[in-house]
Amino acid sequence: MSSIKQFQVTFDCAEPERVARFWCEVLGYVVPPPPEGFPTWGDFDRSLPPDQQGAAFACIDPSGVGPRLFFQRVPEGKVVKNRVHLDVRAGTGLVGEERLAALEAECARLVALGAVQVQLLPADDVNESCIVMQDIEGNEFCLD
């Protein structure tokens with residue numbers, strides 16, 4: 001049995017390119033080059049049947065370490081809390097006030113990109129502080 005070496009995280013959304021570009025900014029990801037034979041993603045998109053145009057978009061970690069993020073258009077809106085979410089590791093190795101300051105600074109940056117701060121979960125006897133947020137389409141994620 002071989003081990004899985006790569007995976008991608010897929011988001012259902014209404015506007016794939018818009019949400020992908022948001023996550024590019026959050027994570028420092030980039031849009032991959034368009035398929036061979038197309039100078040831009042727009043040119044590729046226009047080559048698709050009308051019902052498939054704008055239906056998907058992706059972004060990748062430029063270092064090749066992180067997973068590919070794939071965004072696909074779905075007809076229904078978000079109804080309930082995500083069963084899986086991303087933890088954006090903005091406070092790794094920090095504790096107490098230093099950690100909280102780093103999380104709050106990153107939170108302010110992401111709010112400026114269109115994210116929403118939902119709740120600060122303060123440190124307790126088990127966990128350090130984290131901030132629950134939503135991306136531009138309401139998908140929950142944590143600043144951890």
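## Briefing on a predicted model

Gly 37 is found in the loop between α1 and α2, where helices (H or I, at least four residues) and strands (E, at least two) are DSSP runs numbered from the N terminus. This is a predicted model, in which local features need pLDDT of at least 70 and side-chain atom pairs count only at pLDDT 80 or more, while totals for chains, interfaces and linings use all residues. Residues are numbered from 1 along each chain as its sequence is written, and side-chain values use heavy atoms, with hydrogens and water left out.

**Gly 37**

- Gly 37 is exposed, with a relative accessible area of 70%; the classes are buried for under 20%, exposed for over 50% and partly exposed in between, computed with a 1.4 Å probe on protein chains only.
- Between the C-alpha atoms of Gly 37 and Cys 130, which are 93 residues apart along the chain, the separation is 45 Å.

**Aromatic pairs**

- Rings of Phe, Tyr and Trp (its six-membered ring) pair if their centres lie within 6.5 Å, and planes under 30 degrees apart count as stacked, over 60 as edge-to-face and the rest as tilted; by this rule the count comes to seven aromatic pairs.
- One of these is the edge-to-face pair of Phe 38 and Phe 44, at 5.2 Å centre to centre with 85° between the planes.
- Both of its members are partly exposed, Phe 38 with a relative accessible area of 27% and Phe 44 with 24%.
- The rings of Trp 41 and Phe 57 have their centres 6.1 Å apart and their planes at 55°, so this pair is tilted.
- Because Trp 41 lies in helix α2 (residues 41-46) and Phe 57 in strand β2 (residues 56-59), the pair ties together parts that are 16 residues apart in sequence.
- Within that pair, Trp 41 counts as partly exposed at 29% relative accessibility, whereas Phe 57 is buried with a relative accessible area of 10%.
- One aromatic cluster is formed by Phe 11, Phe 22, Trp 23, Phe 71 and Phe 141.

**Nonpolar core**

- A nonpolar core is a set of buried Ala, Val, Leu, Ile, Met, Phe, Trp, Tyr and Cys residues joined through side-chain atoms within 4.5 Å, and the largest one here has 24 residues.
- The residues with the most contacts inside this core are Trp 23, Leu 69, Phe 71, Leu 110, Met 133, Phe 141 and Leu 143.
- Two or more residues each are given to the core by β1 (8-13), α1 (16-27), β2, β3 (68-73), α3 (96-112), β6 (130-134) and β7 (140-143), and the largest share, six residues, comes from α1.
- With neighbours within four places in sequence left aside, Phe 71 is in contact (heavy atoms within 4.5 Å) with residues including Phe 11, Pro 16, Trp 23, Ala 55 and Phe 57.

**The sheet of β1, β2 and β3**

- Three strands form an open sheet in the order β1-β3-β2 with mixed pairing, two strands being paired if DSSP finds at least two bridges between them.
- The edge strands are β1 and β2, each of which pairs on one side only, and neighbouring strands of this sheet are turned by 20° against each other on average, direction ignored.
- Four bridges connect β2 and β3 in the antiparallel sense, and Phe 57 has Phe 71 as its bridge partner in β3.
- Helix α1 lies across β1, β2 and β3 and runs at about 155° to β3; axes are lines fitted to C-alpha atoms, for helices over the stretch in contact, and angles run from 0 to 180 degrees between N-to-C directions.

- Strand β6 is largely enclosed by the rest of the structure, because four of its five residues are buried.
- On one pairing, β5 and β6 run antiparallel and are joined by five bridges, with Val 132 in β6 as the bridge partner of Gln 119.
- On another, β6 and β7 run antiparallel and are joined by four bridges, with Leu 143 in β7 as the bridge partner of Ile 131.
- The hairpin of β6 and β7 has five residues between the strands, and in it Gly 138 takes a positive phi near 90°.
- Ser 129, in the loop between β5 (116-121) and β6, is buried with a relative accessible area of 6%.
- Residues touched by Ser 129, not counting those up to four places away in sequence, are Arg 99, Leu 100, Leu 103, Leu 121, Pro 122 and Ala 123.
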